[in-house]
Amino acid sequence: MDEGLEPTCFEQSQDIGGLWRYTEHIEPGQPSLYASVISNSSKELSAFSDFPYPEDFPVFLPHAKLLDYLRRYANHFGIMEHIKLGTTVVSIRKRPDFATTGQWDVVTEADGKHTSYVFDAVMVCTGNFSEPTIPLHSFPGIKRFKGQYFHSRQYKHPDVFKGKRVLVVGMGNSGVDIAVEASHVATKVTVSTRRGAWVLGRVFEHGYPWDVVFNTRLMSLIRNNLPGPLARALINYSVNKRFNHENYGLQPEKSCLVREPVLNDDLPSYILTGRITIKPGVKEFKDNSVVFHDCPEEEPVDIVVFCTGYDASFPFLEEKIVKVENKHACLYKYVFPTHLQKPTLAVLGLIRPLGGIMPVIEMQARWATRVFKGLCQLPPQSVMEKEVNEKKKNQVKWFGLSFDEVLKTEWLAYLDMLASFIGAKPSMPRLLFRDPQLAFTIFFGPCTPYQYRLEGPGRWEGAQQAILTQWDRILKPTKTRVPASTSSPYPPLLIVMGFLLLLAALYFGFPLSSEDGSLPQQGALTSACCLLRDSMVRRVAIIGAGVGGLASIKCCLDEGLEPTCFERSEDIGGLWRYTDSTDGGRVTVYRSVITNTSKEMSCFSDFPFPEDFPNYLPHSLLLEYFRMYAQHFDLLRYIGFKTTAVSVRKRPDFAASGQWEVITETDGVQESHIFDAVMVCTGHYQEPYLPLASFPGIETRFKGRYLHSQEYKDVEAFRGKRVLVVGIGNTGGDLAVELSRVAVKVFLSARSSTWLFSRVSDHGFPLDMVNNTRFKHFLDWLLPSTLMKWIKFRKFNSWFNHANYGLASTKSSYFKTIINEELPFCLLSGAVVLKPSVKEFTESSAVFEDGTTEENIDVVLFATGYISPFPFLDESVRSLFDNNRCLYKCIFPPQLEKPTLAIIGLVQLTGSVMVGSEMQARWVTGIFAGWNKLPPASRMMADVLKKKPLVKRNPSERENLKINFISYTDEIASCAGVKPSVLRLLLTDPRLALAIFFGPCTPYQYRLVGRGKWSGAREAILTQWQRTLKPLRTRVVDDSSDSSSGWCWRCLLALPAALMVGFLFSKYPRMGWSSQAGFRL
């Protein structure tokens, strides 16, 4: 239409959209996608060049939004009147006089009626996702396989995988997406990949979309002009910075070759948490199992999904018109057949660029229509065929003979080439003199399609404004909440001072810090906490058989005490024993929960997790570990199940004996017991905290449903609903992400600034194994707090800019941290919308503090935490503390005459509470047994008051009870006499000392010395990384590409020269063909 041609479009289906028109059923000959699909390219780099997306559209789009955009485009430019829907093209044939006219006979069918047309030119826009490829001959035994198998084209919803063992064959974008989605409902998901793949996240550096960072003219210039070995080394470094692909079994077999990356934000964390297992290629199938190469064991399988790509198919064309050889269509510039006498047939979209396909197809169409119009000329047939053959040889050399990879090309270079053919490529030198701001934006910023509307045919007046405001449209959909901030400058001088202090400390030696940041004085600790005394306790009551209860039983036995544990349910595990029911008020985890701390940092100190357990565990495996622990140390015999502690009160002679009267109830029968001491191990998830008074209208006006997260089990009750999640702790973030998969819309209301961590930390190692080291803990003590805060904020924002996502500001005075690696992409794709605090509720809507309103809210889910009322404790005891900061060392009520009551596990650490609870139990039982002694009550009270936070100005803000993991465990270990001395070890066992200081602070360190010393502790510490990597390395790659690393440094010296050569080549093009001037000598 722009060129004055008369288009007629034939569409087989009843609507526009092609691949992006989602249907529940598969239409013959039509592409098909699954319900949860999200675009892999961001909206600004996927837009048509003269029609930007609406600014409130999410950055990455679900199919519904993309189809909405296509309809807006069609309506805006009056395209619909040129489309014949429900019309199938039966055949396209050259006219008898084609050599002179270039015309085509086109036969179509609509409602069973055939119609013939004559056209001057034909554009084939059917894409390459219509004809699925399942190479069954490559999978011996598949015919006898008794399970179900199908191609990914048939996949729509994950329900088919519920409770099944699923094998996904192939590791393209679809394969990984399906594997991740299947893992939410399947018993086990395995991905088989023969070659491996590089995996990138859509959430790229600082949270910007990957293609916005990757597809810039500066980056393209660097990529295309670096020497090969250096370019490959940089690619290896860049893709492995997020996580080490070799450790995860993903590294391509020949990593020296460039491979098309897979775009998925969730796969690394799903591998790390054991929800997905990576395996090598399939060797053969058996009746109900599969055997992989290099893996002799059979793997049971119920369903196989073949994500093995598609064939290029043009059933309406004669085979000789578009030659397909080895799955590669021989097309000049991926558009024109080279052998036709007249260039009146163009094939659009048969290409796989590393970027948005829509701008590429549009540019192909702009070039093709100008060729049809005679405004652009193609080179002679021999020149075109030579180029096609050369390109095919080069790509065979670099990529192999895979259909997808033969079609892969450099996105920006390809667009620039086609744009230069039609005179639409922007001139950087001209722009630099005429509009420097625009020139710098074009060169250093993302190469958005609007650049190709600045000049030449089809010039659009709004192009300049679209380019200068592109960042506004990128950030608009994520900035739905503005975090509160206060001014807090960070002078660069502090950085210099900090590093000078670090050098001085390393030179003169250093101590390790205590919880409050002061230097611990070992002599004072010894005299205050480690004095021996006569035994005063024998019988100990333990309330609760969760993590703290099991550790307490074992520690009592280690000290020769007589424990009796009362557990009101019928099994161990406490919070981690999942049940579908919420009856009885027992708090349990939700079905999909995964631990936030890794197995090596969460285990009991003398009982490592099995090495094949995933690094982050689902509740079922954690409960299995508890059972193994209980059976190994014979703990179950000391537990009374289905027994509720009704009351715990002091005996009349408590001041002298320290004894307690404990009344329990079993099957309606109450019984009284006398104990010398009591350990309360009920944790801090006892009773839901639901502050309805803080949400006006929720009880009186709101007609929807509201509930606390305690009642949440799975997503089924929220399917098709509009859900508001109130609270952005770990639970709130998890539930928002999970609900976004089935709900129509999910809103997440956050009151305070929140920083997000990913379980997948530097180079793919578990977060807490990287962060919780004695070396980093020492730096926290050494460097000024302002400097450390600045460093931490920079680290937080290196993953994504939290301010752009409305989560937190570096100037926030109050903030918290949560662990969630999926939430950033949910915010970027619009699946979750972040909102500020709720001001009030109406009948069907929520009004927020910023004045915005969200209508038609169906369900409000309060993730507002828990309180610990300890209803069984006598009021005279319960009144002594209202939270753990009123307890000495977060354990002992300091006002008691005798220290025979201990609260275990009422502490929130920056690491595993399991480790903290066990350390508490070891110290407490040592005190009960008389090996350790508490200081006088006055000193305990002084310590409590010293560490109790100041009263906040805003009383509505609840206290953040998190304490530094290493500070706290070291402090309790010092009191118990089991803290290792790094300096002493440095003299006696340097290897172990270095592993302890620079490596993760795993619990085994507290079994090296003192009471409870374990002979296996040293070995456990030195092999901790082996157990970490064991469940990841399920596919081993023999890659000798590392031998080329020596080239990197030599090639680095050639970088300036390479960039200069690239600049000269771009300024003075080589001899070749100019589409507008003809062949140039």
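Trainee: In what order do the strands of the five-stranded open sheet come, and is the pairing parallel or antiparallel?
Mentor: The order is 28-27-26-32-45, and the pairing is parallel. The edges are taken by strand 28 (639–641) and strand 45 (901–903), each of which pairs on one side only. On average, neighbouring strands of this sheet are turned by 20 degrees against each other, direction ignored. Keep in mind that this is a predicted model.

Trainee: How many bridges join strand 26 to strand 32?
Mentor: Four bridges join strand 26 (residues 539–543) to strand 32 (residues 677–680), and the two run parallel. To find the place, look for Ala541, whose bridge partner in strand 32 is Val678.

Trainee: Which strands does helix 18 touch?
Mentor: Helix 18 (residues 547–558) packs on the sheet and touches strand 26, strand 27 (562–567), strand 28 and strand 32. The direction of helix 18 makes about 170 degrees with that of strand 26.

Trainee: And which strands does helix 27 lie across?
Mentor: Helix 27 (residues 913–928) lies across strand 26, strand 32 and strand 45. Helix 27 runs at about 175 degrees to strand 32.

Trainee: Then Thr969. Which helix is that in, and is Thr969 buried or exposed?
Mentor: Thr969 is found in helix 29 (residues 965–976). Thr969 is buried, with a relative accessible area of 0%.

Trainee: What does Thr969 touch, leaving out residues up to four places away in sequence?
Mentor: Val915, Gly916, Met919 and Tyr1006. There is also a distance to Glu918: the C-alpha atoms of Thr969 and Glu918 are separated by 9.7 Å, and the two residues are 51 residues apart along the chain.

Trainee: What holds strands together in general?
Mentor: Strands of a sheet pair through backbone hydrogen bonds, either parallel or antiparallel.

Trainee: What about strand 36, and why is it described as largely enclosed?
Mentor: Four of the five residues of strand 36 (residues 745–749) are buried, so strand 36 is largely enclosed by the rest of the structure. Strand 36 pairs with strand 35 (residues 722–726) in the parallel sense over five bridges.

Trainee: Now the rings. How many aromatic pairs are there?
Mentor: The structure holds 66 aromatic pairs. Take Phe98 and Trp104: their ring centres are 4.9 Å apart and their planes stand at 70 degrees, so the pair is edge-to-face. Phe98 and Trp104 are both buried.

Trainee: What kind of pair do Trp210 and Phe214 form?
Mentor: A tilted one, with 6.0 Å centre to centre and 45 degrees between the planes. Trp210 and Phe214 are four residues apart in helix 4 (residues 210–214), so about one helical turn separates them. Both Trp210 and Phe214 are buried.

Trainee: Which residues form the aromatic cluster that includes Phe633?
Mentor: Phe604, Phe607, Phe609, Phe613, Tyr625, Phe626, Tyr629 and Phe633. Lys554 lies over the face of Phe633, at 4.6 Å from the ring centre. Elsewhere, the charged end of Arg275 sits over the ring of Tyr270, 3.8 Å from its centre.

Trainee: Last thing. Where does pLDDT stay under 50?
Mentor: One stretch is residues 486–535, for which the model has 80 contacts beyond four places in sequence. Another is residues 1040–1054, with twelve such contacts. Where pLDDT is low, the predicted coordinates should not be read in detail. The chain averages a pLDDT of 86, and 87% of the residues score at least 70.

Note on methods: Residues are numbered from 1 along each chain as its sequence is written. This is a predicted model: local features need pLDDT of at least 70, side-chain atom pairs count only at pLDDT 80 or more; totals for chains, interfaces and linings use all residues. Side-chain values use heavy atoms; hydrogens and water are left out. pLDDT is the predictor's confidence in each residue, from 0 to 100. Contact means heavy atoms within 4.5 Å. Rings of Phe, Tyr and Trp (its six-membered ring) pair if their centres lie within 6.5 Å; planes under 30 degrees apart count as stacked, over 60 as edge-to-face and the rest as tilted. Buried means under 20% relative accessible area, exposed over 50%, partly exposed in between (1.4 Å probe, protein chains only). A charge sits over a ring if NZ of Lys or CZ of Arg is within 6 Å of the ring centre and within 35 degrees of the ring normal. Two strands pair if DSSP finds at least two bridges between them. Axes are lines fitted to C-alpha atoms, for helices over the stretch in contact, and angles run from 0 to 180 degrees between N-to-C directions.
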